[in-house]
Amino acid sequence: MNRNGPLNLIITGVGGQGNVLLAQLMGKALVKSEYYVTIGETYGPAQRGGAVMSHLRISQVMEYSPLIPDGEVDIILGLEPVETLRVLGQYGNPKVAVITNTRPIYPIAVTAGEAQYPNLEKIEQLVHELSSEAWFISATDMAFSMGTPILANIIMAGALLGTGLVPLKQEEFLPVLMDNFPEDKRELNLQAFVKGFDLTKKRGEV
(Lines give C-alpha, C1' and ligand atoms only; values in the text may rest on other atoms or scores of the structure.)
Protein backbone atom coordinates (compact mmCIF):
# COMPACT_ATOMS: atom_id res chain seq x y z
CA MET A 1 0.00 0.00 0.00
CA ASN A 2 1.63 3.23 -1.15
CA ARG A 3 -0.68 6.18 -1.73
CA ASN A 4 -1.02 9.87 -0.88
CA GLY A 5 -4.41 9.64 0.81
CA PRO A 6 -6.21 6.94 2.79
CA LEU A 7 -7.62 3.71 1.42
CA ASN A 8 -11.37 4.19 1.83
CA LEU A 9 -13.52 1.11 2.49
CA ILE A 10 -17.26 1.01 3.15
CA ILE A 11 -18.92 -2.10 4.56
CA THR A 12 -22.66 -1.85 4.03
CA GLY A 13 -25.73 -3.93 4.74
CA VAL A 14 -28.79 -3.92 6.98
CA GLY A 15 -29.09 -4.28 10.72
CA GLY A 16 -28.51 -7.82 11.93
CA GLN A 17 -26.11 -8.89 9.18
CA GLY A 18 -22.99 -8.33 11.27
CA ASN A 19 -21.27 -5.63 9.22
CA VAL A 20 -20.42 -3.56 12.32
CA LEU A 21 -18.64 -6.58 13.80
CA LEU A 22 -16.87 -7.12 10.49
CA ALA A 23 -15.67 -3.50 10.45
CA GLN A 24 -14.35 -3.86 13.99
CA LEU A 25 -12.47 -7.06 13.13
CA MET A 26 -10.94 -5.46 10.05
CA GLY A 27 -9.98 -2.40 12.06
CA LYS A 28 -8.31 -4.42 14.81
CA ALA A 29 -6.32 -6.50 12.34
CA LEU A 30 -5.17 -3.43 10.42
CA VAL A 31 -4.10 -1.64 13.60
CA LYS A 32 -2.14 -4.72 14.68
CA SER A 33 -0.46 -4.55 11.27
CA GLU A 34 0.58 -0.95 12.10
CA TYR A 35 -1.93 0.96 9.99
CA TYR A 36 -3.86 3.98 11.16
CA VAL A 37 -7.58 3.21 10.97
CA THR A 38 -10.60 5.38 11.71
CA ILE A 39 -14.10 3.89 11.65
CA GLY A 40 -17.35 5.79 11.32
CA GLU A 41 -20.79 4.18 11.56
CA THR A 42 -24.10 5.37 10.11
CA TYR A 43 -27.44 3.72 10.87
CA GLY A 44 -30.86 3.69 9.26
CA PRO A 45 -34.14 4.13 11.13
CA ALA A 46 -34.18 0.64 12.62
CA GLN A 47 -31.43 -1.20 14.45
CA ARG A 48 -32.47 -4.49 12.84
CA GLY A 49 -33.53 -4.23 9.22
CA GLY A 50 -32.42 -0.63 8.67
CA ALA A 51 -29.44 0.39 6.57
CA VAL A 52 -26.07 0.19 8.32
CA MET A 53 -22.83 1.53 6.88
CA SER A 54 -19.30 1.35 8.30
CA HIS A 55 -16.65 3.71 6.90
CA LEU A 56 -13.02 2.57 7.31
CA ARG A 57 -10.20 4.95 6.41
CA ILE A 58 -6.85 3.16 6.30
CA SER A 59 -3.48 4.91 6.16
CA GLN A 60 0.21 4.26 6.77
CA VAL A 61 0.93 7.82 7.83
CA MET A 62 -1.94 9.49 9.74
CA GLU A 63 -5.49 9.32 11.03
CA TYR A 64 -8.32 10.75 8.93
CA SER A 65 -11.81 11.94 9.79
CA PRO A 66 -14.17 8.96 10.20
CA LEU A 67 -16.61 9.57 7.34
CA ILE A 68 -15.64 9.17 3.69
CA PRO A 69 -16.61 12.11 1.44
CA ASP A 70 -19.11 11.47 -1.35
CA GLY A 71 -17.47 10.02 -4.46
CA GLU A 72 -14.25 8.96 -2.71
CA VAL A 73 -14.70 5.32 -1.71
CA ASP A 74 -12.12 2.84 -3.05
CA ILE A 75 -13.75 -0.43 -2.02
CA ILE A 76 -17.34 -1.35 -1.21
CA LEU A 77 -18.04 -4.57 0.66
CA GLY A 78 -21.79 -5.12 0.49
CA LEU A 79 -23.75 -7.64 2.52
CA GLU A 80 -27.03 -6.76 0.76
CA PRO A 81 -27.26 -5.94 -2.97
CA VAL A 82 -29.56 -2.88 -2.91
CA GLU A 83 -27.55 -1.34 -0.07
CA THR A 84 -24.41 -1.98 -2.13
CA LEU A 85 -25.95 -0.14 -5.07
CA ARG A 86 -27.12 2.71 -2.84
CA VAL A 87 -23.61 3.23 -1.46
CA LEU A 88 -22.11 2.94 -4.92
CA GLY A 89 -24.38 5.70 -6.19
CA GLN A 90 -23.40 8.12 -3.44
CA TYR A 91 -19.77 7.29 -2.69
CA GLY A 92 -18.58 5.55 -5.85
CA ASN A 93 -16.36 6.69 -8.69
CA PRO A 94 -15.05 5.03 -11.87
CA LYS A 95 -12.16 3.36 -10.00
CA VAL A 96 -14.15 1.77 -7.19
CA ALA A 97 -14.05 -2.01 -6.63
CA VAL A 98 -17.16 -3.79 -5.35
CA ILE A 99 -17.60 -7.12 -3.58
CA THR A 100 -21.24 -7.86 -2.80
CA ASN A 101 -23.42 -10.60 -1.42
CA THR A 102 -26.23 -11.55 -3.83
CA ARG A 103 -29.00 -12.47 -1.35
CA PRO A 104 -31.55 -9.65 -0.94
CA ILE A 105 -33.20 -8.68 2.34
CA TYR A 106 -36.57 -7.20 1.53
CA PRO A 107 -37.66 -4.11 3.47
CA ILE A 108 -41.10 -3.98 5.05
CA ALA A 109 -42.49 -1.84 2.23
CA VAL A 110 -41.61 -4.56 -0.27
CA THR A 111 -43.02 -7.44 1.79
CA ALA A 112 -46.19 -5.40 2.35
CA GLY A 113 -46.57 -4.90 -1.41
CA GLU A 114 -46.11 -1.13 -1.19
CA ALA A 115 -42.82 -1.06 -3.12
CA GLN A 116 -40.84 -3.22 -5.54
CA TYR A 117 -37.38 -4.61 -5.04
CA PRO A 118 -35.14 -4.06 -8.09
CA ASN A 119 -34.39 -7.00 -10.35
CA LEU A 120 -31.10 -8.63 -9.29
CA GLU A 121 -29.88 -8.83 -12.88
CA LYS A 122 -30.43 -5.07 -13.19
CA ILE A 123 -28.52 -4.48 -9.94
CA GLU A 124 -25.61 -6.55 -11.24
CA GLN A 125 -25.62 -4.65 -14.54
CA LEU A 126 -25.56 -1.28 -12.76
CA VAL A 127 -22.79 -2.35 -10.40
CA HIS A 128 -20.64 -3.40 -13.36
CA GLU A 129 -21.33 -0.10 -15.14
CA LEU A 130 -20.49 2.02 -12.10
CA SER A 131 -17.34 0.23 -10.90
CA SER A 132 -13.94 -0.78 -12.22
CA GLU A 133 -14.29 -4.39 -11.06
CA ALA A 134 -16.92 -6.34 -9.18
CA TRP A 135 -17.39 -9.70 -7.49
CA PHE A 136 -20.83 -11.19 -6.77
CA ILE A 137 -20.77 -13.73 -3.93
CA SER A 138 -23.63 -16.05 -2.91
CA ALA A 139 -22.49 -15.72 0.68
CA THR A 140 -25.84 -16.26 2.38
CA ASP A 141 -26.55 -19.39 0.35
CA MET A 142 -23.08 -20.72 1.21
CA ALA A 143 -23.64 -19.89 4.87
CA PHE A 144 -26.98 -21.78 4.88
CA SER A 145 -25.18 -24.79 3.42
CA MET A 146 -22.79 -24.62 6.38
CA GLY A 147 -25.67 -24.60 8.85
CA THR A 148 -26.27 -20.96 9.71
CA PRO A 149 -26.77 -17.74 7.70
CA ILE A 150 -24.81 -15.77 10.30
CA LEU A 151 -21.59 -16.96 8.63
CA ALA A 152 -22.27 -14.83 5.54
CA ASN A 153 -20.33 -11.85 6.86
CA ILE A 154 -17.26 -14.03 7.56
CA ILE A 155 -17.47 -15.48 4.04
CA MET A 156 -17.54 -11.91 2.74
CA ALA A 157 -14.51 -11.03 4.87
CA GLY A 158 -12.63 -13.87 3.20
CA ALA A 159 -13.78 -12.68 -0.21
CA LEU A 160 -12.51 -9.18 0.51
CA LEU A 161 -9.07 -10.37 1.56
CA GLY A 162 -8.94 -12.76 -1.38
CA THR A 163 -9.08 -9.87 -3.84
CA GLY A 164 -5.86 -8.43 -2.42
CA LEU A 165 -7.42 -4.97 -2.34
CA VAL A 166 -6.96 -4.53 1.42
CA PRO A 167 -3.43 -4.62 2.87
CA LEU A 168 -4.05 -7.63 5.10
CA LYS A 169 -2.76 -11.18 4.80
CA GLN A 170 -4.65 -14.20 6.05
CA GLU A 171 -2.17 -14.72 8.87
CA GLU A 172 -2.75 -11.14 10.03
CA PHE A 173 -6.54 -11.29 10.02
CA LEU A 174 -7.25 -14.83 11.21
CA PRO A 175 -5.87 -14.46 14.78
CA VAL A 176 -8.18 -11.47 15.32
CA LEU A 177 -11.10 -13.44 13.86
CA MET A 178 -10.39 -16.46 16.06
CA ASP A 179 -10.06 -14.33 19.20
CA ASN A 180 -13.63 -13.10 18.66
CA PHE A 181 -15.25 -16.53 18.93
CA PRO A 182 -15.38 -19.25 21.59
CA GLU A 183 -13.33 -22.31 20.85
CA ASP A 184 -16.27 -24.43 19.68
CA LYS A 185 -17.14 -21.90 16.92
CA ARG A 186 -13.65 -21.15 15.63
CA GLU A 187 -13.32 -23.99 13.14
CA LEU A 188 -16.65 -23.22 11.44
CA ASN A 189 -15.77 -19.54 11.11
CA LEU A 190 -12.35 -20.43 9.75
CA GLN A 191 -14.01 -22.64 7.13
CA ALA A 192 -16.35 -19.78 6.19
CA PHE A 193 -13.45 -17.36 5.79
CA VAL A 194 -11.51 -19.79 3.58
CA LYS A 195 -14.56 -20.42 1.39
CA GLY A 196 -14.87 -16.71 0.71
CA PHE A 197 -11.16 -16.22 0.18
CA ASP A 198 -10.98 -19.03 -2.37
CA LEU A 199 -13.76 -17.45 -4.43
CA THR A 200 -11.85 -14.24 -5.13
CA LYS A 201 -8.17 -15.01 -4.60
CA LYS A 202 -6.43 -13.02 -7.30
CA ARG A 203 -3.80 -10.74 -5.83
CA GLY A 204 -4.07 -11.95 -2.26
CA GLU A 205 -2.00 -14.50 -0.38
CA VAL A 206 -2.86 -18.11 -1.19
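A residue counts as buried when its relative accessible area is under 20%, and as exposed when that area is over 50%. The model described here is predicted.

**Two loop residues**

Serine 131 has a relative accessible area of 9%, so this residue is buried. Its place is the loop that links helix H4 (120-130) to strand S6 (133-137). A polar atom of the serine 131 side chain lies 2.6 Å from the backbone oxygen of valine 127. Beyond its neighbours within four places in sequence, serine 131 is in contact with Pro94, Val96 and Val98.

Glutamate 34 also sits in a loop, between H1 and strand S2 (36-43). Its relative accessible area is 71%, and therefore glutamate 34 is exposed. Its phi is near 70°, a positive value in a residue other than glycine. Most residues other than glycine have a negative phi.

**The cores**

The largest nonpolar core holds 45 residues. Met26, Ile99, Ile137, Leu160, Phe173, Leu177 and Phe193 have the most contacts inside it. Helix H6 (residues 152-163) gives the most to this core, namely 8 residues. A second, separate core has 17 residues, among them Ile68, Val82, Leu85 and Leu88.

What surrounds phenylalanine 193, leaving aside its neighbours within four places in sequence? Its contacts are Ile154, Ala157, Gly158, Leu161, Gln170, Phe173, Leu174 and Leu177.

**Helices H7 and H8**

Helix H7 spans residues 170-179, and helix H8 spans residues 183-200. Their axes come within 10 Å and cross at roughly 145°. The crossing of H7 with H8 is right-handed.

Which residues of the two helices meet? H7 brings Gln170, Phe173, Leu174, Leu177 and Met178. H8 brings Arg186, Asn189, Leu190, Phe193 and Phe197. By class, this contact has 7 nonpolar, 2 polar and 1 charged residues.

The buried residues of H7 are Gln170, Phe173, Leu174, Val176, Leu177 and Met178. They pack against helix H1 (19-32), H6 and H8. Two of them, Phe173 and Leu177, are listed with Phe193 among the residues with the most contacts inside the largest nonpolar core. Phe173 and Leu177 are also in contact with phenylalanine 193, and Phe193 is one of the H8 residues that meet H7.

Definitions and conventions
Residues are numbered from 1 along each chain as its sequence is written. This is a predicted model: local features need pLDDT of at least 70, side-chain atom pairs count only at pLDDT 80 or more; totals for chains, interfaces and linings use all residues. Side-chain values use heavy atoms; hydrogens and water are left out. A nonpolar core is a set of buried Ala, Val, Leu, Ile, Met, Phe, Trp, Tyr and Cys residues joined through side-chain atoms within 4.5 Å. Buried means under 20% relative accessible area, exposed over 50%, partly exposed in between (1.4 Å probe, protein chains only). Helices (H or I, at least four residues) and strands (E, at least two) are DSSP runs, numbered from the N terminus. Contact means heavy atoms within 4.5 Å. A polar contact is a pair of N or O atoms within 3.5 Å; within protein, one must be able to donate a hydrogen and the other to accept it, and residues adjacent in sequence count only if both atoms are side-chain atoms. Axes are lines fitted to C-alpha atoms, for helices over the stretch in contact, and angles run from 0 to 180 degrees between N-to-C directions. A crossing is left-handed if the near helix is turned anticlockwise from the far one by less than a right angle, and right-handed if clockwise. Ala, Val, Leu, Ile, Met, Phe, Trp, Tyr, Cys and Pro count as nonpolar, Asp, Glu, Lys and Arg as charged, and the others, Gly among them, as polar.
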